[in-house]
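Today I am looking at where two chains meet. I want to know what holds the eye on each side, residue by residue.

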Amino acid sequence: MGPLAGVEALLLESAFNDLAAGSIAAGAVLRFNAVRLLAGCLDCGREFEVERFCFRCPDCSSGRTTLLQGDSVILESIDLVDEIEATSPGLV
Amino acid sequence: MSSRTIEIRQELHQEARAAASRLRREMTRRGTLIVNLVSSPGAGKTSLLEATARRWRDHRRMAVLVGDLATDRDARRLQPHVPAVQLTTGGACHLELPLVQRGLEILGSVQDTLEFLFIENVGNLVCPASHDLGEHLRVVLLSTTEGDDKPGKYPKMFRSSQVLVISKLDLLPHVPFSLEAVAEDARQIQPDLAVLPVCALTGSGIDAWCDYLNFQRQRPLIEASACSE
C-alpha cells in the first residue's frame, strides 16, 4: 500500500474488523506492507523516491515523470487456517 | 489444524480499472471525449458547464452526467442547454463507473453521436480521485475563494488530473489568492498540469477552455488511428 493509494491503514483495519466480526474471518489479522512512492524521469531515466509529493526529477528538474509505485493497494496473499479438526472434534 | 497461503498479487481496483479502460476505448472509437470534472462543492462545475454549453450551442454535441448526493438541481440547470442526466448517489461521496454506465443508458441514442461527454462528479476533493470513470481527461476546478494552498493538501486529486481550472476569476481582486502560487504548488505534484483561469459569469477564459477541449478531443482520436494502423 502506497502513500497515494488513498487508503489509511488504521481505517481499513477498523473496517475489516467490523466486517469480519461474526464471520468465518473473525479474528483474522490484516498485515500491511507499506511501499514508498517512486517515480521515474522520462528525460534522464533516473528513478527517485517522491518526497512531499514533489514529482520533479531531483537530477535534471524535468517535470516529465511517471509514477512507478505507490498509488495502489495490492492484495498480496491470504493465509488460510483449517480449524475444522480443532473446533469440531465431534464431526464425523 | 493445517494452514496454507494463497498468493493473490492483484490490485484491488483491477477489475474496475479494466472496465473503465473498456469504456474509454469504446468512446474513443465513437469520437467522444469524456471529461471528468472534479472540485470541492461550490467551486463552479455546473456554472462552467453552463458557460461551455452556451458557447457551443449548435457547434458541438455535448451531454452531461451530473452526480450529487440528492436532488436534480444541477441537471435542471443544464437541461435548457444540453442533454443532462442527474445521477443521485444516495449519500455516497463520489461517482463510480456503474453509475456512469446507468447514466449512459438513460441518455440512450444521444450518446452515439456525442463529441463531448462531461461527467460532473460529486463535490469532493478526496474520494473522486480514486475512481477511474473511463474519462480521457480529469479536470480539477479550484475557485479563487478556496485559497491557493489547496493543491498540496489534496495531492492525489491534483496528481491524477491533467487540467487545473481556476474559477471565479472575477473575485481575484477581493481575495488573497495568487495564480502564480497555486500553479507552482500544483505543478510540484503534477508538472504537466495545464492551468486555465476562467470566470463563468463574465465568460472570461471560456474561449481558451473550449479551444483546449477541442484540441484534446483530437488527440486520442489521432492516437487511436495510429494504433490501428
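I started with I78(A) and looked for its bridge partner in β1(B); that partner is I6(B). Strand β4 of chain A, residues 74–82, pairs with β1(B) in the antiparallel sense. I noted 8 bridges for this pairing. I keep in mind that this is a predicted model.

Next I looked up charges across the contact. The count between chain B and chain A is 1 salt bridge. E76(A) forms a salt bridge with R9(B). I read 2.7 Å between the closest N and O atoms of E76(A) and R9(B).

I also looked up polar contacts. Between chain B and chain A there are 12 residue pairs in polar contact, with both residues at pLDDT 80 or more.

Which elements of chain B give two or more residues to the side that touches chain A? I found β1 (2–11), α5 (155–159) and α6 (179–189). β1(B) gives the most, with 10 residues. I sorted this side of chain B by class: 7 nonpolar, 6 polar and 9 charged residues.

Then I turned to the whole contact. Chain B puts in 22 residues and chain A puts in 26 residues. I noted a buried area of about 2,100 Å² between chain B and chain A. Carbon and sulfur atoms carry 54% of that area. Within what chain B buries against chain A, M1(B), R159(B) and Q188(B) supply 26%, more than any other three residues.

Notes:
Residues are numbered from 1 along each chain as its sequence is written. Chains are lettered from A and ligands numbered from 1 in the order in which they are written. This is a predicted model: local features need pLDDT of at least 70, side-chain atom pairs count only at pLDDT 80 or more; totals for chains, interfaces and linings use all residues. Side-chain values use heavy atoms; hydrogens and water are left out. Contact means heavy atoms within 4.5 Å. Buried area is the accessible area (1.4 Å probe) that two parts lose on being put together, summed over both. A salt bridge is a side-chain nitrogen of Lys or Arg within 4 Å of a carboxyl oxygen of Asp or Glu. A polar contact is a pair of N or O atoms within 3.5 Å; within protein, one must be able to donate a hydrogen and the other to accept it, and residues adjacent in sequence count only if both atoms are side-chain atoms. Helices (H or I, at least four residues) and strands (E, at least two) are DSSP runs, numbered from the N terminus. Ala, Val, Leu, Ile, Met, Phe, Trp, Tyr, Cys and Pro count as nonpolar, Asp, Glu, Lys and Arg as charged, and the others, Gly among them, as polar. Two strands pair if DSSP finds at least two bridges between them.
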